[in-house]
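Please read this briefing alongside the sequence and the model displayed below.

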2 protein chains.
Amino acid sequence: MNSETFCSKYDQLVAELKKITLFGSCGSVLGWDEQANMPPKGGEHRANQLSLLAGLGHQMATAPELGDLIGELEALQSFDDPKTPEAVVISEARREYDRATKLPQTLVEEMSKVTSLGQQAWVEARKNKDFSAFQPWLEKIVTLKREEAKAIGYEDDGQPYDALLDAYEPGAKTAEVDAVFTAFRGPLVELLQEIQNSSVKPDLSILERSYPVEQQKKFAIEAATAIGFDFEAGRLDIAAHPFCSGFGPGDCRLTTRYDEHHFPGAFFGTLHEAGHGIYEQGLDPEWYGTAIGESASLGIHESQSRMWENLVGRSKPFWQFFYSRAQEFFPTALGDVSLEDFHQAINGVQPSFIRVEADEVTYNLHIMLRFELEQLLISGELDAADVPEVWDEKFTASFGITPPDVSQGCLQDVHWGHGLIGYFPTYSLGNMYASQIFNQAEKELGDLSEMFAKGEFLPLKKWLNENIHKHGRRYKSNRLVEVVTGETLSHEPLLAHLRNRFGPLYNL
Amino acid sequence: MNSETFCSKYDQLVAELKKITLFGSCGSVLGWDEQANMPPKGGEHRANQLSLLAGLGHQMATAPELGDLIGELEALQSFDDPKTPEAVVISEARREYDRATKLPQTLVEEMSKVTSLGQQAWVEARKNKDFSAFQPWLEKIVTLKREEAKAIGYEDDGQPYDALLDAYEPGAKTAEVDAVFTAFRGPLVELLQEIQNSSVKPDLSILERSYPVEQQKKFAIEAATAIGFDFEAGRLDIAAHPFCSGFGPGDCRLTTRYDEHHFPGAFFGTLHEAGHGIYEQGLDPEWYGTAIGESASLGIHESQSRMWENLVGRSKPFWQFFYSRAQEFFPTALGDVSLEDFHQAINGVQPSFIRVEADEVTYNLHIMLRFELEQLLISGELDAADVPEVWDEKFTASFGITPPDVSQGCLQDVHWGHGLIGYFPTYSLGNMYASQIFNQAEKELGDLSEMFAKGEFLPLKKWLNENIHKHGRRYKSNRLVEVVTGETLSHEPLLAHLRNRFGPLYNL
């Protein structure tokens, strides 16, 4: 009798969770359209739409009946294994319900509206290199995020930033992230210095030749298809800031941006977003809307995108297979360039301003800077108005160069305008997880380089489907990596990968 | 005291109506995306999304609190003039509330899901010329529409089809439409016969030369801009079936389809949709979400699109201005074609299979056929399974030619798959209204031909803004036309226009 009651209530819960996720996915369509299609004058109406949806979605996610249902199921359940899918669905529903009920409806609606308009203000401000046009929005957003952190709360020995980080990387703590970043920073800066002192100077100018946009698009789609992104269940469009948005089963949208005179931007950007997309497409549609059918965290998401972009896409074997195609797509630009020179160029390491176009070595320094500034903004030690100055100061200290303007400095990323504070560290966590997961895949699958050189990318994709994607959010990210690889979070496999890749390239 | 209460309750009503419309507009974004962007495998998820939104929207539109609020305002109001904006807002809120509350929630959700999937089935069925793939959907849709008609109800001397027609053309009656169509049919067929007997045979092949798609797009956008569509507040995309979707203030989407070897399709299709778009963009954003800020009816909507497409876009003066541009865009196709031959070709009259590409004379015969079949489907006298046969039979009787396959016959239009039964007659009503309104504009503005020949289209656009658009849904459509032109609905101005245009062209 008890178990019958359980089943019927569990089905109710699943239906309710699916409805909440389905409803949220409607907002994703509007969010994607805002960045991919919306005409300039549509901004205010879109902000109103998204605010309404956010408010209604929050109402659903915080309905007292939902809380009651979760409570009843918790009382009825008797799982031997807390990682049984049903047990995970219930415990994650509890976690999300508790998080959502801590946020007042007014804050959610205000946040949605401010970030929709803030994102539009950011687009203009960045275009016009005018921080002052974005500053009032950043102020509002930081204030709202502080309110959010306060409402969510954090452990006694923690800090407000924990509450924000937790939204993207459930269970992660600022202090732990800080510790692993600190351990990583020294050897990373050392590697960068060795590279800068090397006499090897790749010819990066070959990447700035003319790469016709239409050809870039075709080539990027060909490569994304080869690694396993299904274009029958997705598309690739243009947006100011590249992103991936999984609407739900069968529909995942990638965006990128093209620059005729910068090949790597759109190409590796597309591989990156396709990596996210392959994860989304690899989630189990049967469990859609529940924790088992959702991605584990942004860090794990990023491990997938960065793996395809860098560990695969910038590897020599990848180009042993793809370089002749590249030469066919871009005969003028690449006809006289050897595979070796091309591979050296796409792996050129040098301090530069734009995070999304940074090489694998300096990339993590970009993240560390943002992580530091975000903590200062949330703790109140840094005012929005001072961000450009402090950014430039700290950037110069880290990279030895100073951004010429805010569009190449603190205005380059969409995140803050979108209210995504606490998100950046997941990029470096993803880099670390990527190396750990990739090493394990290679242990199990054999020589991946040999496969890539023959254009065989699907064995790795299928391994990821089976070993990462199918778990959904069954485990917290650090536990998932431990289950799959037997190792806890560490910067060392990433550091080893960087040394293995750049040592030979730069004769270190 | 009473009036203070009234004001506060009225503001509440307006806020609620705006919320309902805003919520509905989120579904419009998803609907547009489904046709303009969605990848093939996204269909089921999209249907789930739209069904959820339709259900929630219906809940909002039928909330008992809304009914109570309307009731209280009706009791409190004391307008001398029932056409005061506030009075109209309240009475239209009542009309819509009553209509919505008659529809059970389950029917609304079922309809949304079936029509979303039905529309996708239609795309495939049409592509494969396979009616059997669509037949089960048409059966379901007709059944649901009959249920809808029954739930909505109709006057004692009316018929079920009235209830469906009323959704698109509030207040219109099947018998009235039938009467005006019947009066029109005779002289229309007579005109067609005269044209077919004429020795003038325009060279239509010039329209089937090569018109590069990219150039077609640029030219269509240039023309749509010239007549007043604001592309800062809208866009033009590709869809299987052309349509216009106004999401709300500042965002209106047009779609069209291109055929390199058929110039008129995309060009006049875009002018047509831009006509709808100009109406949407002309609605008063202050009154968004209330009857004063919404379009009057589909018939009035169509009067705007058909006016720009035909009365303006196929007129000689329009091409006196635009033909040199056309020759610049398409030098190969039009370099050796005179303005006169081109103008004759775009006004070629001949029985053909596809409604949206039909000339102005035969167009209305296409509508009359659909109007007849829809009534038979809803009354139960015609089964979905028999539609292809009956379509071909009646088509042949009217046009003297038989569709070679269903894609050029009963599967050509998106409407039925979308559940839009009762919609077609509004096209011919729109044609009639267009001529009536255009004649009045010319009376007030002076010689429009002279203006068009100089590229001056904005005076007409502004006159429409002031005389049609700004009224929103203050009047029922036939009353609106009477207020603006002093005349009741009549086919005679349209017939006079057709005789004026085609008489000289065909030496009648």
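In strand 3 of chain A, A:Arg253 is the bridge partner of A:Ser245. This is a predicted model, in which local features need pLDDT of at least 70 and side-chain atom pairs count only at pLDDT 80 or more, while totals for chains, interfaces and linings use all residues. Residues are numbered from 1 along each chain as its sequence is written, and chains are lettered from A and ligands numbered from 1 in the order in which they are written.

**The sheet of chain A**

- Three strands of chain A form an open sheet in the order 1-3-2, with mixed pairing; two strands pair if DSSP finds at least two bridges between them.
- Strand 1 and strand 2 of chain A stand at the edges with a single partner strand each, so one side of each has no neighbour in the sheet.
- From one strand to the next, the twist averages 20 degrees; axes are lines fitted to C-alpha atoms, for helices over the stretch in contact, and angles run from 0 to 180 degrees between N-to-C directions.
- Helix 1 of chain A packs on the sheet and touches strand 1, strand 2 and strand 3 of chain A, its direction making about 145 degrees with that of strand 2 of chain A.
- Helices (H or I, at least four residues) and strands (E, at least two) are DSSP runs, numbered from the N terminus.

**Strand pairing**

- Strands of a sheet pair through backbone hydrogen bonds, either parallel or antiparallel.
- Strand 1 (residues 234–238) and strand 3 of chain A run parallel and are joined by five bridges.
- A:Gly234 has A:Cys252 as its bridge partner in strand 3 of chain A, and A:Leu236 has A:Leu254.
- Strand 2 (residues 244–248) and strand 3 of chain A run antiparallel and are joined by four bridges.
- The bridge partner of A:Cys244 in strand 3 of chain A is A:Leu254.
- The hairpin of strand 2 and strand 3 of chain A has two residues between the strands, and A:Gly250 takes a positive phi near 85 degrees there.

**Burial in the sheet**

- A residue is buried if 20 or more other C-beta atoms lie within 10 Å of its own, exposed if 12 or fewer, and partly exposed in between, with C-beta atoms placed from the backbone.
- Strand 3 (residues 251–256) of chain A is mostly covered, with six of its six residues buried.
- In a regular strand the side chains alternate between the two faces of the sheet.
- Strand 3 of chain A is covered on both faces: A:Asp251, A:Arg253 and A:Thr255 are buried on one side, and A:Cys252, A:Leu254 and A:Thr256 on the other.
- Strand 2 of chain A is also mostly covered, with five of its five residues buried.

**The two domains of chain A**

- Chain A is divided into domain 1 (2–168) and domain 2 (174–505), with bounds that come from an automatic or database domain assignment.
- The C-alpha centres of domain 1 and domain 2 of chain A lie 26 Å apart.
- The contact takes 47 residues from domain 1 of chain A and 42 residues from domain 2 of chain A; two residues are in contact if their C-beta atoms, placed from the backbone, lie within 7 Å.
- On the side of domain 1 of chain A that touches domain 2 of chain A, helix 1 of chain A gives the most, with twelve residues.
- By class, that side of domain 1 of chain A has 27 nonpolar, eleven polar and nine charged residues; Ala, Val, Leu, Ile, Met, Phe, Trp, Tyr, Cys and Pro count as nonpolar, Asp, Glu, Lys and Arg as charged, and the others, Gly among them, as polar.

**A:Leu339**

- A:Leu339 is placed in helix 14 (residues 339–346) of chain A.
- A:Leu339 counts as partly exposed because it has 16 C-beta neighbours inside 10 Å.
- Leaving aside neighbours within four places in sequence, A:Leu339 is in contact with A:Trp319 and A:Tyr323.
- A:Leu339 and A:Tyr323 are 16 residues apart in sequence and 6.6 Å apart in space, C-alpha to C-alpha.
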